[in-house]
Amino acid sequence: MIQALNSAMDIMMTRDPTVVVLGEDVGYFGGVFRVTDGLQRKYGEHRVLDTPIAEGAIVGAAIGMGVNGLRPVAEIQFADYIYPACDQIFSELARLRYRTAGEFWAPVTIRTPCGGGIRGGQTHSQSPEAIFTHVCGIKVVMPSNPYDAKGLLIAAIEDDDPVVFFEPKRVYNGPFDGNPNKAAVSWSEHPKGEVPDGYYTVPIGKVDIVRAGSDVTIVTYGTMVYVCQAAAEGLGLDAEIIDVRSMVPLDIDTITASVNKTGRCVIAHEATLFSGFGAELSASIQEECFWKLEAPIQRVAGWDTPYPHAFEWEYFPGQARVAAALKTVMESR
Amino acid sequence: MPRRSRLHTPKPHSRPGEKPDFSYLETSPAGAVPRPDVNARVRDIGNLATELVRVLDDEHRAVGPWHPHLDASDLQIGLKHMLLTRVFDDRMQRTQRQGKITFYMRSLGEEAVSVAQAMALRPGDMLFPSYRNQGLYMVRGRPLVDLMCQLLSNTRDMCKGRQLPVMYHWTAGRIFSISGNLATQFPQAVGWAMAAAIKGEDDIAVSWLGEGSSAEADFHHAMLFAAVYQAPVILNVVNNQWAISTFQGFAGGEQRSFAARGPGYGMAGIRVDGNDFLAVYAVTQWAAERARRGAGPTLIEHVTYRGAAHSTSDDPARYRPKDDYEKWPLGDPVERLKKHLIALGEWSEERHVALTAELDAQVAAAWKEAVTHGTLGEGPKLDPDSMFEDVFKEMPARLVRQREQMRAERT
């Protein structure tokens with residue numbers, strides 16, 4: 001997935017001379033997760049900029065660059081560090097087109113690694129995507145695999161609206177089913193690990209039906225796609241698994257069509273439960289599917305606590321938690 | 001030496017009922033501050049950040065090395081733009097008091113900052129203003145009717161009714177949108193300037209904020225990025241002494257000048273008499289040339305005074321002496337330029353009165369036209385459907401549905 005993201009930026013920087021990359025450690029060093037590796041060597045210091053440690057300034061400057069005809073891709077080193085930039089994202093980037101009636105806009109993409117499972121403690125494990133979905137005027141995306149990562153990042157860079165692009169870092173190097181004791185699996189053995197060398201896009205605003213099924217619909221994204229898959233397989237369920245991929249805009253019609261078909265729904269994300277994106281999904285699904293639902297919708301999420309360093313796997317919504325929710329929806333009459 | 005720690009609470013020198021006292025203000029005589037080469041190293045020009053660049057002396061003559069030697073016709077144009085700003089402000093203030101617009105902010109006493117700076121810059125330079133820079137629009141020639149339609153949120157409002165009055169923008173005139181969230185424009189201006197340098201263009205970016213807003217992180221972000229990348233940008237702190245009711249000491253002005261933050265970050269800092277049209281013009285010209293030749297950014301502190309209320313929503317008599325502005329030691333920018341022109345034999349009281357009347361008529365005529373496009377109470381109205389536009393470039397299905405719902409509510 002790291003190479004896929006790198007390839008997306010590489011291709012866009014070659015195709016479009018206005019694309020620039022900026023962020024902490026992204027230049028000479030190539031990023032703490034190596035996602036921008038080699039870009040500065042190839043495109044120079046004026047197109048791949050190492051920045052001071054000031055997230056608000058990174059986004060603020062990116063907005064100015066966007067207004068002046070560039071197409072900046074800003075990296076926020078961890079999603080946990082994005083909060084100092086939130087005024088620039090929420091009040092400025094998201095609303096510039098609106099407040100100027102379309103005269104000014106800034107096509108900024110903000111990439112940021114998110115999620116847990118890497119022993120990162122409470123400042124390197126958060127999943128703050130729901131906060132961004134509550135702000136009008138920004139698109140919010142989270143791929144779960146290399147193929148989507150590259151196609152969605154190219155689409156995000158080409159998009160004239162701002163995009164906050166979350167990268168679930170636990171799956172940077174391979175899919176993860178929630179069991180930390182199993183040997184790590186690399187992307188090379190996964191069908192979605194196969195990434196074309198050239199240009200392609202994955203449209204923002206379309207879910208991916210990872211697996212078609214008839215027993216229950218599981219709506220999820222990011223790392224949880226693989227946890228949910230493993231949990232459903234463990235129970236022998238014919239689950240329809242939907243990878244949301246894009247929270248804003250949300251492909252709600254495909255999701256509700258699936259739930260209307262199966263009559264049962266589990267929503268799963270790593271982020272905390274209360275006011276998480278699952279709440280929006282759950283509300284929207286019941287509005288459209290209430291008369292077809294055989295059981296109350298279940299949500300699986302992180303506990304409503306900060307992400308604790310010492311209790312990674314008690315916190316992480318693993319297979320057991322997903323399986324319990326699946327059993328509940330399957331048993332309800 | 002105090003024997004224990006203490007909490008210092010900055011206090012303004014005078015409050016309502018007290019005599020105005022500006023003894024805290026450090027000034028330099030007109031003509032006294034040397035003008036360094038535009039390529040001077042930051043470490044060699046630290047004095048500019050603590051002294052006060054002034055050109056107009058007490059006898060209304062232009063003196064010293066910063067004298068920009070402008071033609072009398074340019075000075076007359078500058079005077080006209082400042083006067084237009086003031087006449088426009090006065091009328092819009094009255095209009096607000098009559099309930100015809102909801103809100104307004106005057107720039108009384110600060111007109112030289114925007115007008116002299118806009119005149120010293122090139123048309124291609126990109127301006128990132130605060131909410132008290134209406135003079136920029138006067139110099140760059142936005143029709144007054146357009147500004148008024150914005151104030152009225154009417155059918156010809158450039159913001160389509162989405163912004164508070166005075167939060168203008170102008171793509172063709174290269175003036176960025178005013179946010180309302182303070183200081184956010186500062187790092188954006190630096191980013192714009194960085195992009196200009198990346199693209200190899202020689203346009204520069206210029207931004208403004210008040211000394212109160214210099215407390216925001218965005219100010220410091222901008223300073224750091226501007227200094228680190230030596231961005232072609234001019235960052236202006238308009239020190240008008242007051243952030244609503246809070247005097248400049250609370251923004252850190254008690255211990256050190258705002259301009260001194262420039263050298264602190266490794267960039268040129270200049271403190272200028274913000275009510276001296278010629279001095280503001282000259283330092284802006286210097287800073288612009290410096291930026292354009294790649295010699296780096298400049299922080300300019302304009303020492304001025306907010307002559308009016310912060311906005312139409314506050315009463316300054318509740319937090320400062322009533323006659324504070326009259327006693328301000330740096331005077332009034334319009335009066336000072338007027339007297340300079342008279343001293344040059346290029347202006348007269350009669351011409352001034354006539355010009356004021358002419359501008360007043362121009363503003364009145366513009367208002368008459370603006371209200372034909374709608375007011376708060378009557379006339380044509382913006383279509384509420386438009387509120388769903390421009391959230392995204394293409395309207396998403398969710399907003400299309402909500403627009404339908406709103407239409408149904410309205411019938």
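A:Ala8 is located in helix H1 of chain A, which covers residues 2-15. The structure described here is a predicted model. A:Ala8 is classed as buried because 28 C-beta neighbours lie inside 10 Å, the cut-off for a buried residue being 20 or more. Apart from neighbours within four places in sequence, the residues in contact with A:Ala8 are A:Lys150, A:Leu153 and A:Ile154. A:Cys228 is 220 residues from A:Ala8 along the chain, and the C-alpha atoms of these two residues are separated by 28 Å.

Strand S8 of chain A consists of residues 216-220. Five of its five residues are buried, so the strand is largely enclosed by the rest of the structure. In a regular strand, side chains alternate between the two faces of the sheet. In S8(A), A:Val216, A:Ile218 and A:Thr220 point one way, while A:Thr217 and A:Val219 point the other way. The residues of both sets are buried.

S8(A) is joined to two strands of chain A. Between S8(A) and S9(A) the chain passes through helix H8 (residues 224-235) of chain A, forming a right-handed β-α-β crossover. Strand S11 (residues 265-272) of chain A also runs parallel to S8(A), and four bridges join them. Here A:Thr217 stands opposite A:Cys265 of S11(A).

The contact between the chains involves 34 residues from chain A and 34 residues from chain B. On the side of chain B that touches chain A, helix H5 (185-199) and helix H6 (217-229) of chain B each contribute at least two residues. H5(B) provides the largest share of this side, with 10 residues. By class, the side of chain B that touches chain A comprises 18 nonpolar, 10 polar and six charged residues.

Helix H11 of chain B covers residues 397-410 and has 14 residues. Strand S8 of chain A, by contrast, has five of five residues buried.

Terms used. Residues numbered from 1 in each chain as written. Chains lettered and ligands numbered in written order. Predicted model: local features only at pLDDT ≥ 70, side-chain atom pairs only at ≥ 80, totals over all residues. Buried ≥ 20, exposed ≤ 12 C-beta atoms within 10 Å, placed from the backbone. Contact = placed C-beta atoms within 7 Å. Nonpolar A, V, L, I, M, F, W, Y, C, P; charged D, E, K, R; others polar. Right-handed = clockwise from strand over helix to strand, strands pointing away. Pairing = 2+ DSSP bridges. Expected span 1.5 Å × (residues − 1).
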